[in-house]
Amino acid sequence: MYRTLSSPQGGRIILDGREVINMASNNYLGLANHPDVVAAAKDAIDKYGVATTASRNICGNYPVHDELEEKLAKFKNVEAVLVFNCGVSANSGLIPQLVGKGDFIYSDELNHGSIIDGCRLSGATIKVFRHMDMAHLEELLQEPVEGKKLIITDGVFSMDGDLAPLPEMADLADKYGAELVVDDAHGDGVMGPGGRGTVDHFGLRDRIRIETGSLSKAFGSAGGFVAGPKEFIQNLRPFARSFIFTASPMAPCLSAAAAKSVDMVMENTDLVDKLWDNRNYFAEKLEKLGLNIGTSVTPVIPIIVGDAEKAQELSRMMYERGVYAQALQFPMVPKNTARLRTIISADHTKEDLDHVLAAVEECAKELGLIK
């Protein structure tokens, strides 16, 4: 059964009729219910109505769609952007346009499901390398093949909160004549200078040509996008099936909300700075308690339990203490690595985080996870 939310997303929410501290949503910057973002969405509804009811290639293109793409291109420091109705559609629309039958894809074993599905749709041969194992990736790249080569990875891995080693991947892509594509759904608005993403975090803007991203996380709205060279985006527009066959690419109100969020992030770094202040505070306290947060270096911080039943029980006990953090187990994560995934937001107060930490400590001790 689904849990039912009866309040806006925020640091605190009403879930199943109870107020809890929200450690489960991707609302990194707290923009999903920001008054300015809500006002932008309301203005667009008054001006354009609720939905497009047509693809953008027919009569569903509104000024806010073009404005959003222009702002995203400026934010990402790329020539052009194409917006999709969600990140899943962005990946499934992009990947088959890059490679096909007779070509080869090199994919991290922990890549998001939308990357996996996009790879399968392409018809290319898929070679999976061990998570962030660059020696294994090079072994696969050394195998003689004909056809194009595509290396694809998440920038921030959404279950572990670790970062793809993009500099090493870019070196391998150059060495073996491959294209490197990054899905930065959990990096946009979070990583790098001003939240511009994982590619900028590593200073690789001039070496990585194409990215996909999400508007439903740090930007607090909905939608996905592909960012890259203008000519490539122009060629993608009439051929990406998940774009051309979507009757409602993005509701005008959601586009307007996302555009306002992008503006706010570009105007100053206050929210990004607060997110990282919260993240570092929380992670340091968890480690001092002796809890295993794996390889996380981002605001996605797993509390790795191992046993699936204990992870579920930890989530239940935390909810009783006014904290919602979801338990994740196989097949969402590898076997024997069940965990509570906590996600930090700029909308959390230090009091919120202290409450969560106290609850985690009490529950973990009861379950024998720490002494």
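Visitor: How much space lies in the largest pocket?
Guide: About 860 Å³ lies there, where a pocket is an open set of points on a 1 Å grid over the protein atoms alone, at which a 1.4 Å probe fits, with protein on both sides within 12 Å along at least five of seven lines. This is a predicted model, in which local features need pLDDT of at least 70 and side-chain atom pairs count only at pLDDT 80 or more, while totals for chains, interfaces and linings use all residues. Residues are numbered from 1 along each chain as its sequence is written, and side-chain values use heavy atoms, with hydrogens and water left out.

Visitor: Which residues lie nearest the centre of that pocket?
Guide: Those are H112, S158, M159, M332 and R341, out of 42 lining residues, a lining residue being one with an atom within 4 Å of a point.

Visitor: And which helices and strands supply the lining?
Guide: At least two residues each come from β1, α3 (87-98), α4 (113-122), β8 (210-214) and β12 (326-328), with helices (H or I, at least four residues) and strands (E, at least two) taken as DSSP runs numbered from the N terminus.

Visitor: Which residues of α3 are buried?
Guide: They are S89, A90, N91, S92, G93, L94, I95 and L98, where buried means under 20% relative accessible area with a 1.4 Å probe, protein chains only.

Visitor: Switching topic, where does β1 sit in its sheet?
Guide: The open sheet runs β1-β2-β11 with mixed pairing, and β1 (12-15) is an edge strand, as is β11 (323-324). Strands pair if DSSP finds at least two bridges between them, and four bridges join β1 to the antiparallel β2 (residues 18-22).

Terms used
Points joined across faces, edges and corners; volume = space filled by probe spheres on them. Buried < 20%, exposed > 50% of the residue type's maximum accessible area, 1.4 Å probe, protein only.
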